[in-house]
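Hello,

Here is the structure I promised to pass on to you. Please have a look at it first, and then read my notes below.

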Amino acid sequence: MHSAVDAERSSSRAAATAPARVAVAGATGYTGQELLRILSRHPAVTVTAAMSSGTSAARKLPALARLWAGDITPLSVDSLRQAEVVFLALPDAAAAELGPTLVDAGVRVIDLSGAFRLTEATARARWYPETYRVPEHTVYGLTELARPAVAGARLVANPGCYPTATLLALSPIAAAGLLAPDVDVIVDAKSGVSGAGKTPSERTHFSEVHGSMGAYGVFGHRHGAEIEQGVASATGAATVVNFVPHLVPLDRGILATIYVRLTPGTTEDTLADVFQQAYLSAPFVRLVGSTLPEIKHVAHTNFCDIGWRVDASGRAVLVSVIDNLLKGASGQAVQNLNVMLGIDERTGLW
Ligand SMILES: NC(=O)c1ccc[n+]([C@@H]2O[C@H](COP(=O)([O-])OP(=O)(O)OC[C@H]3O[C@@H](n4cnc5c(N)ncnc54)[C@H](OP(=O)(O)O)[C@@H]3O)[C@@H](O)[C@H]2O)c1
């Protein structure tokens, strides 16, 4: 259904029109470098600017040698305004500042930070206090669940990595009304260390992480609010989500194990039907059922693999895996770009 030949044809079609001018702010970071790597091979775009904070502007990016020949320049709003689409791969505060400015200047923005993800003002003020304004036509860009809105968006709030893995598994079940009422959802998630960005800290130092594993952010991680927002938008009602992230000694990848109780009579086959219906036209979602997916199956790809088990009493365990830097960040951002440009969403990613 989604063959490499189809993607190739689509890429050729994309290349036939004038390439879109795109720029990356935060190009020296983990997600920014992934963006440059993908965009340098993308047939429908040309990268007009790649910027960092300025302090490391003279830095070379050895991983991109022979893939991308441009220069890293200090952040310049004037240069960003020359692009049609700007990727913001910046800390929340810098993105909160730049997003509205660029949208006002007629530039379309894909923001990888959390600054514009929460729609409810009180939650946003708590988790992202730097966000002073959310531009009109801002869309939460979990691509598979928001294609029509993403296509017309001025600013796409690219979802967080944990919420992407979690909501792709949970939302179809929630939307189908299969979650038992008044039962908390539990999301127990593990992430590789690149999820914390390139600046090392005591927690993310190699000698702390290697050979260990720990929970963090219990009742205090902003992705919990984002997951609750996603489940609420699927069910139409508030649902409590107990989200506990863990840091594991991997460089990249997320595995979310989600514990739910289902309405009576729901079976593994019911979930299979719901997922197949939801992801009929979703090239990057692979449904693996009771096999259960692993991080290694999706690392360095834009896939999200989803598995599930249901017992006779209605308990269900969903397992969802992604690469945090691709489907959890830069890959999904390019997928959203493709939807915004009206081209095959696999372009540059397949
Ligand atoms: N890492 C992930 O898995 C992941 C997943 C989803 C979303 N995100 C989000 O994506 C964004 C980028 O994450 P990352 O992991 O790529 O971060 P990172 O590795 O720390 O890189 C940050 C980038 O932003 C630049 N920068 C920092 N402060 C700046 C400022 N005040 N003005 C302009 N540029 C500035 C840095 O430039 P210098 O090199 O000059 O410092 C660098 O290029 C964050 O908001 C993060 O929450 C990350």
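**Helix α2 against helix α12**

In this predicted model, helix α2 (residues 30-39) and helix α12 (residues 326-341) have axes that come within 10 Å and cross at roughly 40 degrees. Angles under 35 degrees would count as roughly parallel and those from 65 to 115 as roughly perpendicular, so α2 is oblique to α12. The crossing of the two, α2 and α12, is right-handed.

If you want to display the contact, select T31, E34, L35, R37, I38 and L39 on the α2 side. Their partners on α12 are L326, A329, S330, G331, A333, V334 and L337. By type, the residues of this contact of α2 with α12 are 8 nonpolar, 3 polar and 2 charged.

**The nonpolar cores**

Which residues touch the most other members of the largest nonpolar core? They are I258, L271 and I306, in a core of 39 residues. The largest share comes from α7, with 9 residues. As general background, nonpolar side chains in soluble globular proteins tend to be buried together.

Setting aside neighbours within four places in sequence, I258 is in contact with T166, A169 and L170, with V185, I186 and V187, and with A316, V317 and L318. Apart from this core lies another one, of 37 residues, which includes V45, V85, I110 and A146.

**Two residues with positive phi**

R66, in the loop between β2 (45-52) and β3 (72-74), has a phi near 70 degrees, a positive value in a residue other than glycine. Is R66 buried or exposed? Its relative accessible area is 89%, and exposed means over 50%, so R66 counts as exposed.

F219 sits in the loop between β9 (214-215) and α9. Its phi is near 60 degrees, again positive in a residue other than glycine. With a relative accessible area of 71%, F219 is exposed too.

Do write back once you have been through it.

Best wishes

Conventions:
Residues numbered from 1 in each chain as written. Predicted model: local features only at pLDDT ≥ 70, side-chain atom pairs only at ≥ 80, totals over all residues. Heavy atoms only, no water. Axes fitted to C-alpha atoms, helices over the stretch in contact; angles between N-to-C directions. Helix = DSSP H or I, 4+ residues; strand = E, 2+ residues; numbered from the N terminus. Parallel < 35°, antiparallel > 145°, perpendicular 65-115°, else oblique. Left-handed = near helix turned anticlockwise from the far one by under 90°. Contact = heavy atoms within 4.5 Å. Nonpolar A, V, L, I, M, F, W, Y, C, P; charged D, E, K, R; others polar. Core = buried A, V, L, I, M, F, W, Y, C linked by side-chain atoms within 4.5 Å. Buried < 20%, exposed > 50% of the residue type's maximum accessible area, 1.4 Å probe, protein only.
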